[in-house]
Amino acid sequence: MLTHCECPRCGTVHDASTLLGVCSCGSPLLARYDLATVGTRVDPTAIARRDATLWRYRELLPVTDPSHVVTLGEGWTPLLPASRYGARVGLPGLLVKDEALLPTGSFKARGAAVGVSRAAELGVRHIAMPTNGNAGAAWAAYAARAGMRSTIAMPYSAPVAPRREIEAAGAELFLVDGLIGDAGALIRSKLGPDVFDASTLREPYRIEGKKTMGLEIVEQLGWRVPDVIVYPTGGGVGLIGIHKGLSELRALGWLPDGPGPRLVAVQSSGCAPIVRAFAAGERRAQPWADATTIAFGITVPAPLGDELILDALYASDGTAVAVDDDHILAELRDFAREEGLLLCPEGAACLAGVRDLLASGWLTPDERVVVINTGSALKYPDALTTALS
Ligand SMILES: Cc1ncc(COP(=O)(O)O)c(C=O)c1O
Ligand SMILES: [Zn+2]
């Protein structure tokens, strides 16, 4: 029950029945819903009876006609206790939301399913975007599913598996000698009246797909919030989305009063613009020079949504931590052995963050903490080889 899009920076209201990019002030836009009417049409009991996909939250998603939904069966991933690892590290209430099981093997499927569906609904026939790998793999797959063309640019240095997925989906692929910002510059030169810019946060609906992680977490916990959600932050779409989704549930009155969850942005010490800005109490982040990390998905030196990420961290009483690659690989190895679940480096980075926050006392042993494993480890054979050698 989408009503309009709104600029969180300058407050301008935008007509959501047209194709939208960013606001004229440069900020990403946020989708808004008629929550009062949503609350009269549906409730948690009705949602509980629906299919195990993210479309169970359709009143809080931007697609107006269900026939426009482009789906590969995305959503409702498991929320797994990790009590053996948790007990050893001093956090028995640790849970992992395992996004590796989604179509195309990462949480990017959520943003792509909703973003492509809404774009198709508004008549888009061709999308273009830069990627660190997983987003491109997901958007190329959903574009193919929608019968839409896709043009994707990614760094040469990105993992090979998503590159092959993009090619397999029939996308037009450009490889750039640089990072995601350089891929973005190349994509801007490919845009035209018939080519829609689906870059991170340059269209409003990818966030809506990603927010369903937050909706699922609270539904899986019996419509309760955990104390903390830990998210590996590159462009930050998932973190912004989770924060937005939980605000919508609070406005609907579907969550009990009380605080939480505190949101944690984990970055690699090789690329930590949000951590640096948070530590300095800033509202904007400065670009990170010479970014490099084994957790390739979070190599985003200048996220467009910096303001929204930082707002979500401050508003939720959260924090931001940077972790070293060696620590990421050590947690990845230990977790696989103790829990039988092989995390992607970005997911393992969250565990490294949890360890550091326990050591500093920011997290306490009695807390219920959800870590998001954003993708499948099998996409990173090289990182696995390094982790196990
Ligand atoms: C596996 C994985 N985790 C985390 C991220 C970061 O996601 P976001 O850009 O929403 O912060 C990415 C982005 O490419 C990714 O592929
Ligand atoms: Zn604006």
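Axes here are lines fitted to C-alpha atoms, for helices over the stretch in contact, and angles run from 0 to 180 degrees between N-to-C directions. Helices (H or I, at least four residues) and strands (E, at least two) are DSSP runs, numbered from the N terminus.

This is a predicted model: local features need pLDDT of at least 70, side-chain atom pairs count only at pLDDT 80 or more, and totals for chains, interfaces and linings use all residues. Residues are numbered from 1 along each chain as its sequence is written, chains are lettered from A and ligands numbered from 1 in the order in which they are written, and side-chain values use heavy atoms, with hydrogens and water left out.

**Helix packing**

Start with α12 and helix α13 (residues 345-360). They pack at an angle of about 100 degrees, with axes 8 Å apart. The two are therefore roughly perpendicular (65 to 115 degrees). Contact means heavy atoms within 4.5 Å. On the α12 side, H327, I328, E331, L332 and F335 make this contact. On the α13 side, the residues include P345, A348 and R355. By class, the contact has 8 nonpolar, 1 polar and 3 charged residues. Ala, Val, Leu, Ile, Met, Phe, Trp, Tyr, Cys and Pro count as nonpolar, Asp, Glu, Lys and Arg as charged, and the others, Gly among them, as polar.

Now take α12 (residues 325-339) with α14 (residues 381-388). Their angle is about 85 degrees, and their axes lie 9 Å apart. This pair is therefore roughly perpendicular too. L329, L332 and R333 of α12 meet A383, L384, T386, A387 and L388 of α14. That contact has 6 nonpolar, 1 polar and 1 charged residues.

**Ligand 1**

The table lists polar contacts (pairs of N or O atoms within 3.5 Å).

| Protein atom | Distance to an oxygen atom of ligand 1 |
|---|---|
| K210, polar side-chain atom | 3.1 Å |
| G234, polar backbone atom | 2.8 Å |
| G238, backbone N or O atom | 3.5 Å |

Taken alone, ligand 1 exposes 400 Å², and the protein buries 97% of that (Shrake-Rupley method, 1.4 Å probe).

**Backbone details**

Most residues other than glycine have a negative phi, and most peptide bonds are trans. The G260 to P261 bond is cis, with omega near -5 degrees. P261 sits in the loop between α9 (237-252) and β11 (262-268). T104 has a positive phi, near 65 degrees. T104 lies in the loop between β5 (94-98) and α4 (108-121).

Key: Parallel < 35°, antiparallel > 145°, perpendicular 65-115°, else oblique. Polar contact = N/O pair within 3.5 Å; in protein donor to acceptor, adjacent residues only side chain to side chain.
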